[in-house]
Amino acid sequence: MIRLDGVTRRYRSAAGERVALDAVDLTVGKGQVFGVVGRSGAGKSTLIRTINRLERPDAGKVFVGDQEITALKPAALRAARRRIGMIFQHFNLLNAKTIEENVAFPLRLEGRPAAEVERRTAELLDQLGLAEHARKHPAQLSGGQKQRVGIARALACGPDVLLCDEATSALDPETTDDILSLLDGLNRDLGLTIVLITHQMEVVRRVCDRVAVLKDGRVVEEGATADVFLHPKSPVTRAMLAEGEGGETFDASAVPTGGRVARLTFRGPATYEPELSRVARSTGVDYSILSGRISRIRGEPYGQMVVAFTGGDADAAVTQLTARGVVVEAP
Amino acid sequence: MEFFANVDWSEIARASRDTLLMLSGAMVLTVVFGVPLGVLLYLSGRGRLAANPVVNGLLSLIVNILRSVPFIILLIVMLPVTVLLVGTSLGVAGAIPPLVVGAAPFYARLVETALREVDKGVVEATQAMGGSTFQIVTRALLPEAMPGIIAGATVTAIALVSYTAMAGVVGAGGLGDLAIRFGYQRFQTDVMVVTVVLLLILVQILQMIGDRLVARVSHR
């Protein structure tokens with residue numbers, strides 16, 4: 001659905017040249033929720049803006065559907081942008097217009113007939129639970145409500161793709177949850193392809209099918225969310241994940257002497273099976289849990305824990321666990 | 001009524017009418033020229049939608065030149081141009097060209113400033129929705145900047161009131177002319193007081209209208 005091919009963007013300033021994006025290749029499949037994470041300054045914002053060409057790359061190509069966005073003439077670009085909705089961290093609503101007028105705005109820009117504009121606007125306001133606020137102005141709404149208006153506006157022209165630029169970063173946790181559920185629903189119900197950039201790992205964990213980690217304008221890691229989260233390879237990913245969990249790591253001083261320490265990862269239904277105690281019973285090992293977490297990534301349950309095996313046949317325990325689909329790694 | 005002995009009320013009425021005519025005529029044209037000029041200054045500015053250093057530099061220079069010329073000098077310099085444009089340099093018609101040339105660049109700067117106050121995100125969002133530059137200006141930027149544009153018009157209209165008084169010097173008529181010719185040159189203090197009070201009332205009314213309009217279009 002979306003393909004970035006060697007996309008490079010440089011900024012020139014008095015202080016010299018800075019590379020915001022360095023030959024980025026990415027592919028987002030139709031109907032996917034794709035997350036791009038990275039620290040501030042990693043190039044996330046520039047990256048998402050190249051998709052609708054709010055930022056024009058210095059080199060490389062961007063495709064959305066079967067169109068090469070980077071090659072479009074102005075009129076064709078405007079038509080293509082109507083098929084790409086976008087929501088923003090600070091909502092970017094028009095303060096002078098009512099909620100209704102904000103949602104109708106893209107339809108009016110496109111020049112749709114008044115009757116259609118009215119019908120579609122009413123439908124969207126209803127769908128997003130904004131009907132009672134139709135005549136209000138953005139200043140009278142809460143952050144979460146404003147973002148709902150932003151989403152309604154982005155959906156007005158019936159886009160295939162929704163770009164979310166730090167869409168939940170200005171919201172409190174409860175509202176973030178609400179907006180993420182909404183995005184998740186749009187993805188499932190409308191088959192909308194969503195690209196979101198965020199610095200909040202929790203957002204990716206909740207809604208993304210795939211994730212790319214950006215550092216200094218390069219993609220340092222990319223894969224299915226569960227794979228990247230459970231088996232991060234790059235130091236940035238590890239660091240960002242650790243921060244997301246309050247720096248939770250296992251305490252090396254707690255390792256029993258002579259123990260063998262391993263990180264076990266359970267995924268899917270196996271998460272709730274008593275695999276560890278079964279293996280312990282059959283191999284005679286004892287285990288101490290040093291750290292652990294059972295949770296969900298994009299709805300899929302998983303458990304991950306660091307254990308120390310003592311006594312018995314630790315090697316056999318590892319073999320049996322692996323055979324049962326548990327991933328065993330060095331911590 | 002002894003104090004108002006020198007006051008010719010019909011003269012005052014005519015002068016008031018002339019001032020109002022000059023003011024409204026000049027104000028309409030100031031908006032007509034000032035808004036597009038302000039939009040061009042904004043759009044051609046660095047990092048804006050139609051960034052163009054040459055156009056921006058040129059417009060900026062013209063605006064600055066016109067703004068740096070004292071209005072009283074501008075009145076005199078403009079005389080031949082005024083005659084060319086409206087056939088006379090006298091009366092209400094003769095006053096309007098210099099008033100517009102004096103006020104439009106000032107107003108254009110205020111419009112530019114009001115546009116700059118609009119959040120860049122609004123421009124970006126409108127672009128992302130497929131809006132053309134013309135649509136971004138007319139449907140997003142100008143409506144969003146409307147409180148500032150109206151507040152700027154109020155300031156400009158009030159500046160024009162004092163300009164009309166100066167225009168009196170070169171034969172434009174109006175309350176300012178009356179104040180100078182009778183109030184100052186003939187020491188008729190009562191005429192001076194009446195004209196000044198009328199100008200004050202005019203300024204008060206303009207400010208009030210401006211403030212009300214701003215309040216009506218503000219939704220922050």
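This is a predicted model: local features need pLDDT of at least 70, side-chain atom pairs count only at pLDDT 80 or more; totals for chains, interfaces and linings use all residues.
**Chain A overall**

- Chain A is built from 11 helices and 14 strands.
- Along the principal axes, its C-alpha atoms fill a box of roughly 75 × 50 × 35 Å.
- Of the 331 residues in chain A, 39% are buried.
- If you take the contacts in chain A with a separation of 6 or more, 69% of them join residues 24 or more positions apart.

**Where chain A meets chain B**

- On the chain A side, 19 residues are in contact with 20 residues of chain B.
- Three elements of chain A, namely α2 (74–81), β6 (84–88) and α3 (99–110), each put at least two residues into the side that touches chain B.
- The top contributor to that side is α3(A), with four residues.
- By class, the chain A side that touches chain B splits into 10 nonpolar, five polar and four charged residues.

**The nonpolar cores**

- Here's a bit of background: nonpolar side chains tend to be buried together in soluble globular proteins.
- In this model, the largest nonpolar core has 131 residues.
- Which residues have the most contacts inside it? Those are Ala152(A), Val195(A) and Leu99(B).
- Helix α7 of chain B, residues 133–167, gives the most to this core, with 15 residues.
- Leaving out residues up to four places away in sequence, Val195(A) touches Ile2(A), Val28(A), Phe34(A), Ile48(A), Ile51(A), Val161(A) and Leu163(A).
- There's also a second, separate core of 17 residues, and among its members are Leu264(A), Ala280(A), Phe309(A) and Ala314(A).

**Helix pair α1(B) and α7(B)**

- From α1(B), the contact uses Thr19(B), Met22(B), Leu23(B), Ala26(B), Met27(B), Thr30(B), Val31(B) and Val39(B).
- From α7(B), the partners are Val137(B), Ala153(B), Thr156(B), Ala157(B), Leu160(B), Val161(B), Thr164(B) and Ala167(B).
- Sorted by class, this contact has 12 nonpolar and four polar residues, with no charged ones.

**Helix pair α3(A) and α5(A)**

- The axes of α3(A) and α5(A), the latter being residues 143–155, come within 7 Å and cross at roughly 30°.
- That angle is why α3(A) counts as roughly parallel to α5(A), the cut-off being under 35 degrees.
- α3(A) passes α5(A) in a right-handed crossing.
- On the α3(A) side you'll find Ile99(A), Asn102(A), Val103(A), Phe105(A) and Pro106(A), and they meet Val149(A), Ala152(A) and Arg153(A) of α5(A).
- The contact of α3(A) with α5(A) has six nonpolar residues, one polar and one charged.
- Two names here turn up elsewhere in this briefing: α3(A) gives the most to the side of chain A that touches chain B, and Ala152(A) is listed among the residues with the most contacts inside the largest core.

**A closer look at Leu43(B)**

- Leu43(B) lies in helix α1 of chain B, which covers residues 9–43.
- Is Leu43(B) buried or exposed? Leu43(B) is buried, because 20 other C-beta atoms lie within 10 Å and the cut-off is 20 or more.
- Setting aside neighbours within four places in sequence, Leu43(B) is in contact with Arg48(B), Leu49(B) and Ala50(B).
- Leu43(B) and Leu115(B) are 72 residues apart along the chain, and their C-alpha atoms are separated by 9.3 Å.

- As background, most residues other than glycine have a negative phi.
- Ala23(A) has a positive phi, near 50°, and isn't a glycine.
- You'll find Ala23(A) in strand β2 of chain A, residues 16–28.
- Ala23(A) is partly exposed, with 15 other C-beta atoms within 10 Å.
- Glu166(A) isn't a glycine either, and its phi is positive at about 50°.
- Glu166(A) sits in the loop between β7 (161–165) and α6 (173–190) of chain A.
- Glu166(A) counts as buried because it has 20 C-beta neighbours inside 10 Å.

How values were computed. Residues are numbered from 1 along each chain as its sequence is written. Chains are lettered from A and ligands numbered from 1 in the order in which they are written. Two residues are in contact if their C-beta atoms, placed from the backbone, lie within 7 Å. Ala, Val, Leu, Ile, Met, Phe, Trp, Tyr, Cys and Pro count as nonpolar, Asp, Glu, Lys and Arg as charged, and the others, Gly among them, as polar. A nonpolar core is a set of buried Ala, Val, Leu, Ile, Met, Phe, Trp, Tyr and Cys residues joined through C-beta atoms within 7 Å. A residue is buried if 20 or more other C-beta atoms lie within 10 Å of its own, exposed if 12 or fewer, and partly exposed in between; C-beta atoms are placed from the backbone. Axes are lines fitted to C-alpha atoms, for helices over the stretch in contact, and angles run from 0 to 180 degrees between N-to-C directions. Angles under 35 degrees count as roughly parallel, over 145 as roughly antiparallel, 65 to 115 as roughly perpendicular and the rest as oblique. A crossing is left-handed if the near helix is turned anticlockwise from the far one by less than a right angle, and right-handed if clockwise.
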